[in-house]
Amino acid sequence: MSFLRVQNVLICALSLLSLSDSLVFAQADFDWTSIPASSNLSWVNCFSSPIQCTRLNAPLNYSNPDAGSVTLALIRIPSALSGTPGYRGPILFNPGGPGGSGVDGITGFGAQIAAVVGPEFDVVSFDPRGVANSLPKISFFKTDAERASFDLGPLAEDATATPGILPSQWAHFQVLGRLAQDRDNGFLAHVTTDNVAQDMLSIVEAHGQTKLRYWGISYGSVLGATFASMFPDKVERLIIDGVLDMEGYYSTDWANEILDADKVLQMFFDGCFKAGPKACAFYDSSPAAIKRNLDSLYKMVLTQPIPAYSPSLSTYGIIDHATLKNAIFTSFYTPYDSFSTLAQGLADLKNGNGSLLFQISQPHISEVVAAVSCGDGKQVTDNAAALEKYTQSIDHLSSFSSIVAGIRTLCSGWRIHPNNFKGPIVGNTSFPLLLIGNTADPVTPLVGAKKTSRGFPGSVVLTQDSPGHTSFSIPSNCTLGYVQQYFQNGTLPPAGTVCPVIGDLFPLPSNTSVKAQVRRSSALQTAAKALRVSSRNVALNRLI
């Protein structure tokens, strides 16, 4: 198999970087209400050429079309071959979530996606119902100030943030669940993934087509696999990348999602030692010594949190045990971009400065996460004592298992449980699926792709030999070549195919030749950076 064409178009795609960057900043100025919502796709120019937008009405309740409607914000990079015999229709892309904005995705890196799949296709995405520019929005706080005052940060997420904190977390999310229920007008029962899957079919049909072409990452794997299970005869092409344990997702048990998290941590220790003190600021005499130093930092901040303030940085706070763990875990999503910064942050923390680590740490709970993830999954009736037992029962799986326990705590307070589709995630699809998994993904381990593949006859799992979350964490010409061939002519990689990547976990600051080589060989490196916030929140939005 030759990937020369792939490499050439990807190199060309890098020239679109300035366009992508300008579109990200331009989005705040675009008025979506200027586009009339309708049941047809009436595309208009938006942001900057060639991007186009439209708004599509869809039923609030597909079982009762007269119950009202939702309005979906759609965006596309149109095919250069539209109106010619070479045009083949849309490919829908989902950047993850719940809560990931397809509008943000396309404005940020749609040009690179279009370059990969080819000029025959429109690259289309959308803000799922309740998200960002789609209406109505999922929101049960009355003001931004009220939202900011309700703690959704690491201290609320991590079941072992401080000794004995879980009962308080349980009570905290009981309040959140009651607040959402009291302020809901009936919309929250209709934001589950099966509704979004039906929205995708509506989008396909509005294009005058009958079958879906789709590429979804992380939570997008749940959306894609759910679609394939509900509408197996409507699949034209379907790629899911960073594949969750579907059974665990729909049963609100995320234990299997962090099976490889410690593998990524070990790669940090090994990579730091191999790179040496010039490339890794947290270097020591062996991987074991680096691990001991990290353990010492955990113990230090557990007894005495460290200030995190710098006049040159926009956010500030403290580094406690939960925030430190959150920062480390967050860096696992994009280790080729993040490990050097993490190492510097850990070295700074050792010297009493937590400001850099505080920038890495991010809160990952939101209203959308609660409404979609908890609404999707099996109802959790655990009290604080039961949650303590659950946390202890999965402790052996990973040093980050307490983050997983947080999703059950969050969902234990959720009170809106529609009779939505919860599986089984299986189907004899009209075209075989392509699943992609990394060898060391911190939140969607490769075993999830293999397990899901067994439910879809003829599907193939493509392995990318790299740490990080989804193949976007360090793009590979090999992986992108198979993606392109799958969309272009339906070719699946041979079973057992493993794709290499190019890149260093700890590049030397002066190693410009290596950096240039990475830029030349991986156009989706730009996509990964633009997608970073969305993609790293995908599973973290649930694994808390």
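Start by selecting Cys-46: this residue is buried, with a relative accessible area of 4%. The model on screen is a predicted one.

Show the side chains of the two residues. Cys-46 and Cys-53 form a disulfide, and their sulfur atoms lie 2.0 Å apart. A disulfide is a covalent bond between the sulfur atoms of two cysteines. Look along the S-S bond of Cys-46 and Cys-53: the angle about the bond is 75°, and the link is right-handed.

Next, select Cys-272 and Cys-280. A disulfide joins these two residues, with 1.9 Å from S to S. What is the handedness of the link of Cys-272 and Cys-280? With -90° about the S-S bond, the link is left-handed. Cys-272 and Cys-280 are both buried.

Move on to Cys-374 and Cys-411. Their sulfur atoms are 2.1 Å apart and form a disulfide. The torsion about this S-S bond is about -80°, so the disulfide of Cys-374 and Cys-411 is left-handed. The pair links distant parts of the chain, 37 residues apart: Cys-374 sits in helix α15 (residues 367–376), and Cys-411 sits in helix α17 (residues 401–412). Colour the two helices to follow the link. Are Cys-374 and Cys-411 buried or exposed? Both are buried.

To see the disulfides together, select every cysteine. How many disulfides does the protein have? The count comes to four. When the bonded cysteines are counted along the chain, the pattern is 1-2, 3-4, 5-6, 7-8.

Val-204 is buried, with a relative accessible area of 2%. Which residues is Val-204 in contact with, leaving aside its neighbours within four places in sequence? They are Gln-209, Thr-210, Lys-211 and Leu-212. Pro-90 and Val-204 are 114 residues apart along the chain, and their C-alpha atoms are separated by 7.8 Å.

A search of the whole structure finds two cavities of 30 Å³ or more. The largest cavity has a volume of about 80 Å³. To find the largest cavity, select Pro-98, Gly-99, Pro-128, Val-131 and Tyr-219, which are the closest to its centre of the 13 residues that line it. How do the residues of this lining divide into nonpolar, polar and charged? Eight are nonpolar, four are polar and one is charged.

Finally, zoom out and show the whole protein as a cartoon. There are 22 helices and twelve strands in the protein. Of its 544 residues, 59% count as buried. Among contacts in the protein between residues at least 6 apart in sequence, 76% join residues at least 24 apart. Switch to a surface view for the last step. The accessible surface of the protein comes to about 20200 Å², and 53% of that surface belongs to carbon and sulfur atoms.

Key:
Residues numbered from 1 in each chain as written. Predicted model: local features only at pLDDT ≥ 70, side-chain atom pairs only at ≥ 80, totals over all residues. Heavy atoms only, no water. Disulfide = S-S within 2.5 Å. Buried < 20%, exposed > 50% of the residue type's maximum accessible area, 1.4 Å probe, protein only. Helix = DSSP H or I, 4+ residues; strand = E, 2+ residues; numbered from the N terminus. 1 Å grid on protein atoms, 1.4 Å probe; cavity = no way out; pocket = protein on both sides within 12 Å on 5 of 7 lines; lining within 4 Å. Points joined across faces, edges and corners; volume = space filled by probe spheres on them. Nonpolar A, V, L, I, M, F, W, Y, C, P; charged D, E, K, R; others polar. Contact = heavy atoms within 4.5 Å. Areas by Shrake-Rupley, 256 points an atom, 1.4 Å probe, with all protein chains shown as cover.
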